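Hi everyone, thanks for making time.

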Amino acid sequence: IAGLDRLPASANLWRGMLNWLGGLGIAFVAMIFLPVMRVGGMQFFRTEGFDTFGKVLPRAADIAAALVRVYALLTLIFILFYAALGMTPLDAVVHGLASIATGGFSTADASFGKYSGALEYAGAVFMTAAAVPYVRYVQLVNGHARPLWRDAQARAYVQWLAVAVLLVTVWRVATTGDGIEPAFRVAFFNLASIMTSTGFGSGGFGAWEGFPVVVAFVVGIVGGCSGSSCAALTVFRVQIVVAALINALRRIDSPRRVAPVKYDGRSVDADTINGVIFYVWSYLVLLFVIAVAISLTGVDLASAVFGSWTSLGNIGYSYGPLAAATGTMAEYPTAAKWLMIFAMLAGRLGLLAFFVIFLPRFWRG
């Protein structure tokens with residue numbers, strides 16, 4: 001949609017509300033339904049992760065109610081900070097709704113490009129915070145801070161994002177002559193937006209070339225944390241796959257060695273490992289298949305690959321000649337847009353969960 005700056009305030013507010021409600025719905029799916037459906041290894045959060053609630057929140061209804069309260073509280077905090085830092089009331093509300101939902105709808109075609117300095121830092125911090133498992137915020141509000149600090153997924157997520165930001169900052173300072181602070185701010189904002197699948201743009205990504213684009217591509221595939229509204233693979237699944245791979249390599253060296261795959265000090269059952277591996281491979285295969293299909297519509301290879309990447313990961317950024325022309329997907333053929341619509345739906349709904357709902361057995365169960 002072009003001309004966001006000229007839309008009535010009511011239309012932009014409605015878009016922000018849709019963003020907010022969509023993020024809340026995805027959070028419900030991630031925290032309550034996927035663990036029950038045993039999709040993509042998420043049963044681990046039903047059997048292990050939710051145990052940390054103890055007697056505080058024993059039922060799904062209580063979890064849902066607590067999630068709504070925490071989601072609304074974080075939204076209010078984001079809105080107030082945006083307003084305090086200089087956004088108009090409408091912009092603060094819409095960007096606050098979009099930040100917590102990791103949705104990225106803005107009130108201007110330039111997105112976050114119309115802001116700089118403190119607002120960019122605030123946006124990056126809020127996007128980063130929105131990709132942490134919501135269950136940890138629920139626990140924090142209920143007086144249990146330790147699970148958040150000890151969460152292996154949350155720690156890895158912050159560490160991986162920090163490493164990516166550091167690498168891109170150093171690269172751009174060394175190769176473009178940018179100052180350290182501007183390079184860090186642009187890298188932090190854009191990589192946070194990409195990794196959390198939010199999609200706010202600050203205007204700096206289009207000038208990236210080479211190594212920074214590779215880093216952005218990788219963090220876009222990894223994504224944020226399971227248990228949040230983020231798309232892509234998620235940190236948890238990547239951790240499980242890496243742990244399973246290391247375990248397999250050790251068994252090659254010591255065939256008689258019996259050692260279960262461990263995650264955060266707990267053993268991971270075979271069903272969870274198989275579910276995660278199947279999910280990861282399905283994601284990567286679908287990424288490749290959709291890229292090939294988009295290229296068959298007449299799109300160049302770079303635009304096809306990044307079109308598949310941004311759609312399946314719900315990232316919002318893209319790269320290549322077609323995207324560079326307008327900064328949007330407007331120049332892609334109609335057939336390519338239909339393929340990307342399919343990819344966005346599948347990626348946002350947890351991939352396998354999207355396909356599971358088409359199985360008659362699921363509805364009979």
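Let's start where two helices meet: Val213, Ala216, Phe217, Gly220 and Ile221 in helix 10 touch Val305, Phe306 and Trp309 in helix 13. Contact here means heavy atoms within 4.5 Å, and helices are DSSP runs of H or I, at least four residues, numbered from the N terminus. Sorted by type, the residues of that contact come out as seven nonpolar, one polar and no charged. Nonpolar covers Ala, Val, Leu, Ile, Met, Phe, Trp, Tyr, Cys and Pro; charged is Asp, Glu, Lys and Arg; the others, Gly among them, are polar.

Before going on, this is a predicted model: local features need pLDDT of at least 70, side-chain atom pairs count only at pLDDT 80 or more, and totals for chains, interfaces and linings use all residues. Residues are numbered from 1 along each chain as its sequence is written, and side-chain values use heavy atoms, with hydrogens and water left out.

Back to our pair. The axes of helix 10 (residues 211-222) and helix 13 (residues 301-312) come within 10 Å and cross at roughly 35°. Those axes are lines fitted to C-alpha atoms over the stretch in contact, with angles from 0 to 180 degrees between N-to-C directions.

Now the loops. Most residues other than glycine have a negative phi. Ser111, though, has a positive phi of about 55°, and it sits in the loop between helix 4 (89-100) and helix 5 (118-130). Ser197 has one of about 60°, in the loop between helix 9 (180-195) and helix 10.
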